[in-house]
Every structure is written in C-alpha cells, then in structure tokens.
Amino acid sequence: MYSYARTRSGAIGAIVLVSALALAALILSGTAASAEKPAKDASENVSTSTLGDAPVLNIGHRGASGYAPEHTFASYDLAIQMGADYIEQDLQMTADGVLVVMHDKTLNRTANPLEGEPTRNCRGLVSKKTLDQLRSCEVGSWFNEAYPQYANPDYVGLQIPTLEEVFQRYGKSVNYYIETKNPKAAPGMEEELLRLMDKYGLTRPAAENWQVLIQSFSSESLQKIHDLNESLPLIQLYWAGSSKAIQRDLDNASEYAVGIGPYKKDVDAALVSAAHDRCLAVHPYTVNETAEMESLIDLGVDGMFTNFPDRLDALLGDEAAGGKSGAVKASNASDACQAGL
Ligand code: G3P
Ligand code: CA
C-alpha cells in the first residue's frame, strides 16, 4: 500500500544520509586544507604586550567621572585614591584668556548658577565668559540628578577649576593627561598651557618622565606644541573611524607624537602592532566595562582612559603601577624603543 508517511520518511532518510556524507566531505576537505595551510593566527604577526612590557596605564577620564562630577577636585581626588596613574584634564579658554578644565565648549550640560546668581553666566560658550562669570556657576548638581546612585550633597556647589588651580592643588604629586580642546577657537591655548607647566615646574618632568602627557584631536595643535618644545610627549587622538584609517596616519603621527588615543572599537591587533612598530603607545578611550578592559589588554594596549579607575586597578591587580611609577616606566619603554629603531 502506498504510504505517504513511508515515502516521506524514506525521502527524509535519503536527505539525512546525503547531508551527512556532504558534511563529512566538508570536514575532511577542511582538515586537509588546514593540514596544507594552517589558518593564520592573529597573534602571529602582532605584539600582544605593552611597549617594553611597561605597566598598563590607568587614566582617570575627567577624574573618576563615573562616580563624581567630571573635572572637579572631587573627581580627581577620587581617581587618585582609586589607583589612576593619570588624571585627565580637558581644556577650554575663557574670554579673558584663562585655561579652565571643562569637557564641553558650552556650559549648558554641566553648569548651573550658584544660589542668587544669574543663569545667563552659566549658559553658552565658555569662550564668551570671563573667569569671574564662571565663578558664579557650580558643576555638581547635574551629576546628582543624572546619577542618583552616586549622588552626594557635597557635590552641589563645586566650582570649575582653572588649570592653574589644578597644578596648585596636586603639584608634582600626580601625573596629568591634558587635552587641548577646540584649540582653533582659543588662540594662545598652547602657549598658555606651556607657560603654566613652566611656572609649576612640570616641563622637565613631562619631557623626562611623562609626568604630563598632552593630547589632542587636532594635529595642528600638537604640531604647534612640538614646534614650541619638541621634547614634550604628545598623544594624537583619533575620532571613531577604523583601524586601517588610523594605521594610514601613523607615520605622520610618529613625527611628533609618542602615542595615539584611538576610539576603543577601532583597536585591533594590527593597529597595536603597527603603532608599536613605530614606538607609539596606544591609549584607547573610554573604556568602562571590565570585559572590554580585558580584551584591550589582551590586544597589547599600553593604557586606557576610564571613568572607573577602580575597575581597571582591580583587573590589573599586582600588575598595576604604584604612584607615579607607571608614567616613568612607560616613558623609559618609549625611549628604549626609540633607541632601537
Ligand atoms: O581624551 C580622550 C578622550 O577623553 C576623548 O574624548 O570627548 O571625552 O574628550 P572626550
Ligand atoms: Ca578628553
């Protein structure tokens, strides 16, 4: 008796048999291919450790800005307590030529008027305000509203520090990672930064021990600083793009920089290898999750910007550099690499 069910099961059996044979053939051919030409391991031609095996640098991005309002002394203090090797400063210049630490070019996101002060002083471009006007703003209460889990009443009323106040507070006790932001809109920013570094005795420790690293997305700004003092260590930042695009610029960057700051997702083994071949350190931004920190360390990066320095410190454990030593070791590793080129 003709049975649809039997015919169907027979057909299925045939299909299963043919598929199994095809799969076996595929596996065998794959095995044969592997035996003839092993698949290329990504680690074969790339470095997977930091330059000179220096410690991975823990850069407190805007301080410990995951836990405290960015670019305040509270945030910087916390980053240092949490084991950051560097505290980061983003620079803006006021209308009267004072360098202040603030990420955005406008005040709108993070500033609010102190009690009784006019709101207008705390809105719009920093470059259009005098330092006196900025003194009437506070930059802590926005954080408490945005991150209630880390809110602290002490944050309300915190002021925008000037770069000079940052240097006065920490002196030579910490390492600084300073970014020239919007330098085209702030003529003289580079000269003023170098003047303050000189005034606070940081020029030589920057040149010799990387106590100050100067970073920028603007190659013009970095080249200007290089022309003013070619011994200062500079980091070329890159906007999010691709590993390959950054690799194409490395010969250029290595003319004036000691390292690069790529977006974290653009970092792969080929980029780290190409940078290290030119003695350029690799410091991706901004890396906040432990799993991504681990992956980047596996790729051989030399440090990273993080809002959560405690997480990176915990991950590094005994490998974390103590005090200012990470900068010194990274600087020595860079010099040794350059000497070997
Ligand atoms: O400077 C490294 C990283 O901070 C760049 O991004 O926008 O946070 O300054 P941004
Ligand atoms: Ca920055």
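What percentage of the 341 residues of the protein count as buried? The figure is 42%. Keep in mind that this is a predicted model.

Okay, the overall picture. We've got 13 helices and 11 strands in the protein. If you take the contacts with a separation of 6 or more, 62% of them are between residues 24 or more positions apart.

Now, the inside. In general, nonpolar side chains in soluble globular proteins tend to be buried together. Here, the largest nonpolar core has 83 residues, and Leu280 and Val301 are the ones with the most contacts inside it. Helix α2, which is residues 73-81, gives the most to this core, with five residues.

Skip its neighbours within four places in sequence, and leucine 280 is in contact with Leu250, Ala253, Ser254, Ala257, Val258, Gly259, Ile260 and Ala275.

Two of those names come back in a helix pair, α9 and α10: Leu250 is on the α9 side of the contact and Ala275 on the α10 side. So how do you describe a pair like that? You give the angle between the axes and the distance between the axes. For α9, residues 243-253, and α10, residues 269-277, the axes come within 9 Å and cross at roughly 5°. That angle is under 35 degrees, so α9 is roughly parallel to α10. From α9, the contact uses Ser243, Ile246, Gln247 and Leu250, and from α10 it uses Ala270, Leu271, Ala274 and Ala275. By class, that's six nonpolar residues, two polar and no charged ones.

Aspartate 53 isn't a glycine, yet it has a positive phi of about 55°. You'll find aspartate 53 in the loop between α1 (4-36) and β1 (57-60). Arginine 62 also has a positive phi without being a glycine, near 60° in its case, and arginine 62 sits in the loop between β1 and α2.

Are these two buried or exposed? Aspartate 53 has 9 other C-beta atoms within 10 Å, so it is exposed. Arginine 62 has 25 other C-beta atoms within 10 Å, and the cut-off for buried is 20 or more, so arginine 62 is buried.

That's my tour, thanks.

Note on methods:
Residues are numbered from 1 along each chain as its sequence is written. Chains are lettered from A and ligands numbered from 1 in the order in which they are written. This is a predicted model: local features need pLDDT of at least 70, side-chain atom pairs count only at pLDDT 80 or more; totals for chains, interfaces and linings use all residues. A nonpolar core is a set of buried Ala, Val, Leu, Ile, Met, Phe, Trp, Tyr and Cys residues joined through C-beta atoms within 7 Å. A residue is buried if 20 or more other C-beta atoms lie within 10 Å of its own, exposed if 12 or fewer, and partly exposed in between; C-beta atoms are placed from the backbone. Helices (H or I, at least four residues) and strands (E, at least two) are DSSP runs, numbered from the N terminus. Two residues are in contact if their C-beta atoms, placed from the backbone, lie within 7 Å. Axes are lines fitted to C-alpha atoms, for helices over the stretch in contact, and angles run from 0 to 180 degrees between N-to-C directions. Angles under 35 degrees count as roughly parallel, over 145 as roughly antiparallel, 65 to 115 as roughly perpendicular and the rest as oblique. Ala, Val, Leu, Ile, Met, Phe, Trp, Tyr, Cys and Pro count as nonpolar, Asp, Glu, Lys and Arg as charged, and the others, Gly among them, as polar.
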